[in-house]
Amino acid sequence: MRWASAGCGVLLLLLLNVALAQSPAGLESLIERLEHPLWTARRDAAEAIGASGPLADGAIPALTRSLDDVDVQVRRAVVQALAAVGAGSEAAVPALVHALSDSDWVVRRRAALSFDGMPAGSAVAEISNLLSSESTDVRTSAALALAGLAPDSRAALPDLVAALGADDWQLRAAAAHPLGAMGADAGEALPALANALRDRDWGVAEQVVEALSVIGAPAIPTLIDALGDKSLVVRWGAVRALGRIGPAAEPAVPALAGLLEDSALQARWAAAKSLWSIGPAAAAAAPQLVDALADPDWVVRWSASRAL
């Protein structure tokens, strides 16, 4: 009961603070509390301002200053508030770009994710510069931010392609995400993405598969070429990307049908599953799928039966 009462008390306090932020005088009071000696008071003020959304945009300058608060919990609340208050405008963008370099990973991640759908095209160059930061964590946060700004982040494409070859696997994985989000605008990156299918780290290769599937139709010729690669990892990744593209991957059906005779189980299984995902558009592969019903491995037989 005590915990329940305490929880109700915290919720009531937050609601009161949010109500306070709805008036100019109340918002000013919360802004003043951002400099309160107690870190909990500063955090609560930031949370209340954030809960008010764009109506509290007058607090952006004060929130920007509070991004340098000594307490990490306050900075986490502040960056969340900036994302909420600055939604739909570029007023909070400079502060959010600054937060990408914060020492705390939660602050950096919240800042990076806040760019999703935000009209912050003017910040692309500055964020791109962070891709050359000495800190891998900052570079990774910058790549995530650029994903949210796609397709406006196309100017950063050369830097993102370079990041696909970075030593840190997290940065390589993060770089693939915005390239996929650019869709057809990422055409120049297709050779680098196809090469990244052979990445030694599973997490990176999986992000590359997802990026190529999101790019969709423009990636199909590159993926068809990858189906003939000597590396099983590359063939397997290309097959799965084509499957995720779905019916639009019809041009790849002959090549996928050929993979049903691949020496590697993973390739045959993935080919059958992808043809299943492509659906009626894969009708031309019916003879090969019928033959696959006699495959020595049951997963291939089962997938082929589902594709027919």
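**Charged pairs and their surroundings**

Modeller: Glu210 counts as partly exposed, at 37% relative accessibility. Here buried means under 20% relative accessible area, exposed means over 50%, and partly exposed is in between, with a 1.4 Å probe and protein chains only. Please keep in mind that this is a predicted model, in which local features need pLDDT of at least 70 and side-chain atom pairs count only at pLDDT 80 or more, while totals for chains, interfaces and linings use all residues. Residues are numbered from 1 along each chain as its sequence is written, and side-chain values use heavy atoms, leaving out hydrogens and water.

The partner of Glu210 is Arg244: they form a salt bridge whose closest N and O atoms are 2.9 Å apart. This pair links distant parts of the chain, with Glu210 in helix α13 (residues 202-215) and Arg244 in helix α15 (residues 232-245), 34 residues apart. A salt bridge means a side-chain nitrogen of Lys or Arg within 4 Å of a carboxyl oxygen of Asp or Glu. Helices are DSSP runs (H or I, at least four residues), as are strands (E, at least two), numbered from the N terminus. Arg244 is partly exposed, at 38% relative accessibility.

Asp297 and Arg268 form a salt bridge, with 2.9 Å between the closest N and O atoms. They too link distant parts of the chain: Arg268 is in helix α17 (residues 265-278), Asp297 in the loop between α18 (286-292) and α19, 29 residues apart. Asp297 is partly exposed at 27% relative accessibility, whereas Arg268 is buried at 8%. Back with Glu210, salt bridges that share partners join Glu206, Glu210, Arg240 and Arg244 into one network. Arg240 has a ring beside it as well: its charged end sits over the ring of Trp236, 4.2 Å from the centre. That wording requires NZ of Lys or CZ of Arg within 6 Å of the ring centre and within 35 degrees of the ring normal.

How many salt bridges are there by this rule? The count comes to 14. One of them joins the side chains of Glu188 and Arg154, at 2.8 Å, N to O. Glu188 lies in the loop between α11 (169-181) and α12 (190-196) and Arg154 in the loop between α9 (136-149) and α10 (157-163), so the pair ties together parts that are 34 residues apart in sequence. Glu188 is exposed at 57% relative accessibility, while Arg154 is partly exposed at 34%.

Of aromatic pairs, the whole structure has 2. Trp276 and Trp302 form an edge-to-face pair, 5.4 Å centre to centre with 80 degrees between the planes. Trp276 lies in helix α17 and Trp302 in helix α19, so this pair ties together parts that are 26 residues apart in sequence. For pairing, ring centres of Phe, Tyr and Trp (its six-membered ring) lie within 6.5 Å; planes under 30 degrees apart are stacked, over 60 edge-to-face, and the rest tilted. Trp276 is partly exposed at 32% relative accessibility, and Trp302 is partly exposed at 44%.
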